[in-house]
Amino acid sequence: MRIKNHPILSFDTEETIEFSYNGKKLRGVEGDTIASALHASGIKKLSESIHLKRPRGFYCAIGNCASCNMVVDGVPNVRTCITPLKPGMVVNNQVGKGKVYEE
Amino acid sequence: MKNKEAVIIGAGPAGLKAAKQLLEAGAHVTIIDRNKKLGGQLVKQTHKFFGSEKQYASFRGIDILEILVQGLKPFEDRLEILNETSVVGLYKDKVVACVKHDNFFKIKAKSIIMATGASEKHLPFENNDLPGIYAAGAVQTLMNEYGVKPGDKVLMVGSGNIGLIVSYQLLQAGVDVVALVEAAPQISGYLVHASKIKRLGVDILMQTSIKRAIGKDQVEQVEIWELDEVWQGIPGTERVLGVDTVCISVGLAPLTELLMQIGADVEYIRELGGNVPRIDFRYETSIKGVYACGDVVGIEEASSAMVEGAMAGIHAAHDLGYTVEDESRKLKVLQEELKFLRSGPHAAKVRAGYTKLEVKT
Ligand SMILES: Cc1cc2nc3c(=O)[nH]c(=O)nc-3n(C[C@H](O)[C@H](O)[C@H](O)COP(=O)(O)OP(=O)(O)OC[C@H]3O[C@@H](n4cnc5c(N)ncnc54)[C@H](O)[C@@H]3O)c2cc1C
Ligand code: FES
């Protein structure tokens, strides 16, 4: 779902950054955040609500609301909408509040 | 803990203009923003701006941003930019707690300029938490900053300028805007924007709102219904639309939480979008050496955010002991510009809000 033709903007659409999502290999482009790369691959559900386990996607996309929290490289509650995508990142859906991780 | 002179929180039009004034006066400036790119809301604004020529009317937001950032270039030796850095705490002694990636650190500032902008509001309706329901500005970010479409078929909720402009930008990106619903009986943004999307075939439905979203793991359909004069849904008028995305554009709320944390006086003023700090005519909050400007002191526009930012920057520089060249004339010109920007019928709400806040601008 990447924009190919746009009257004002031009985008890099070559997906060269490989990362893993729930164990699957996916690719994003230079400049993506984790959330934008996932969305471009058709993945809208990023986490589940803590108590009722309802699906959650992003909402604000600028780091305000925590609706996009995921576990990234073992760290829970990462706001994926403002975290730049890096090669080799391990991204997983977050269940519950997330466990405190050890470095 | 590192000591800094002027710390600006938020690198939108307000923060960048404040930085320019402080740097010109000779101060050392640290700009903090959680985003990677500087510019706040301007980063995603591909449309041409209204307003006054002095505030770059008819320029696109992204081009204004370039001008603002270039303006800081001559002062690079006194400017520090902490991007991808979130301010998570603020203390009375002007200690700013920050998180950058995995690092937590604190800095101590002599003066602080709050230019954190605003966050988009949500709307209560059944299933309003499903993936596929996004703030309109979020969709703008996704499309214009990252080049990704939010979906194929969109329902836009709200006819303010953001709703209208994002509808147009969705069409530009090749996304179908199935309908725009508005609870009020009239369009709340500029009519030119509304006519533009109407001409392009968007169904604009007045006195109509979303009743519920339908879908399991994401939005598959929505139900809309008509509203009566007191904004209650009218049973029997429901219609189901096939959309995979709902954009919510029902206003913004100032990001005042950090100011509340340090105990600055804050007041709820509906016309300004919610809780706003009490500021005096020098843009200083109730805490000495802490200033606020831009959307965080009242939801307005980038044009007024720039003027306010410049004024806050001048006062902060003055209070730090720097001589601002031509200070009183500069301030007078800025006051006039702000007055002009707030003179039209669309600014009536803002004018009422500031009257309530008793700011003498
Ligand atoms: C779709 C749309 C169309 C618009 N059209 C126009 C127009 O035509 N003309 C016009 O004049 N205005 C327009 N505006 C309004 C304008 O964009 C805003 O009024 C303006 O950007 C406000 O500037 P600001 O500097 O106060 O805040 P912002 O631009 O919102 O910047 C705030 C910055 O602070 C950062 N921040 C917030 N909290 C933290 C924290 N805790 N830690 C670190 N960083 C933080 C944010 O990341 C952001 O970069 C439009 C807005 C939108 C959304
Ligand atoms: S979507 Fe709101 S913080 Fe990421």
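Contact here means heavy atoms within 4.5 Å. This is a predicted model, in which local features need pLDDT of at least 70, side-chain atom pairs count only at pLDDT 80 or more, and totals for chains, interfaces and linings use all residues. Residues are numbered from 1 along each chain as its sequence is written, chains are lettered from A and ligands numbered from 1 in the order in which they are written, and side-chain values use heavy atoms, with hydrogens and water left out. Helices (H or I, at least four residues) and strands (E, at least two) are DSSP runs, numbered from the N terminus.

**Helices 4 and 5 of chain B**
- Helix 4 of chain B covers residues 161-172, and helix 5 of chain B covers residues 191-199.
- The two pack at an angle of about 35°, with axes 9 Å apart. Axes are lines fitted to C-alpha atoms, for helices over the stretch in contact, and angles run from 0 to 180 degrees between N-to-C directions.
- Their crossing is left-handed. That term applies if the near helix is turned anticlockwise from the far one by less than a right angle; clockwise is right-handed.
- From helix 4 of chain B, the contact uses B:Asn161, B:Leu164, B:Ile165, B:Ser167, B:Tyr168 and B:Leu171. Helix 5 of chain B supplies B:His193, B:Ala194, B:Lys196 and B:Ile197.
- By class, this contact has 6 nonpolar, 3 polar and 1 charged residues. Ala, Val, Leu, Ile, Met, Phe, Trp, Tyr, Cys and Pro count as nonpolar, Asp, Glu, Lys and Arg as charged, and the others, Gly among them, as polar.

**Helices 1 and 7 of chain B**
- Helix 1 (residues 13-25) of chain B packs with helix 7 (residues 302-319) of chain B at about 30°, with axes 7 Å apart.
- That angle makes the pair roughly parallel (angles under 35 degrees; over 145 is roughly antiparallel, 65 to 115 roughly perpendicular, the rest oblique).
- The crossing of helix 1 of chain B with helix 7 of chain B is right-handed.
- Residues in the contact include B:Lys17 and B:Leu22 of helix 1 of chain B, and B:Met306 and B:Ile314 of helix 7 of chain B.
- The contact has 12 nonpolar, 3 polar and 1 charged residues.

**A:Pro55**
- A:Pro55 sits in strand 4 (residues 55-56) of chain A.
- A:Pro55 counts as buried because its relative accessibility is 10% (buried is under 20% relative accessible area, exposed over 50%, partly exposed in between; 1.4 Å probe, protein chains only).
- Not counting residues up to four places away in sequence, A:Pro55 touches residues including A:Lys45, A:Ser47, B:Leu130 and B:Lys216.

**Domains of chain B**
- Domain 1 spans 2-119 + 252-357, and domain 2 spans 122-248. These bounds come from an automatic or database domain assignment.
- The C-alpha centres of domain 1 of chain B and domain 2 of chain B are 31 Å apart.
- Their contact takes 11 residues from domain 1 of chain B and 16 residues from domain 2 of chain B.
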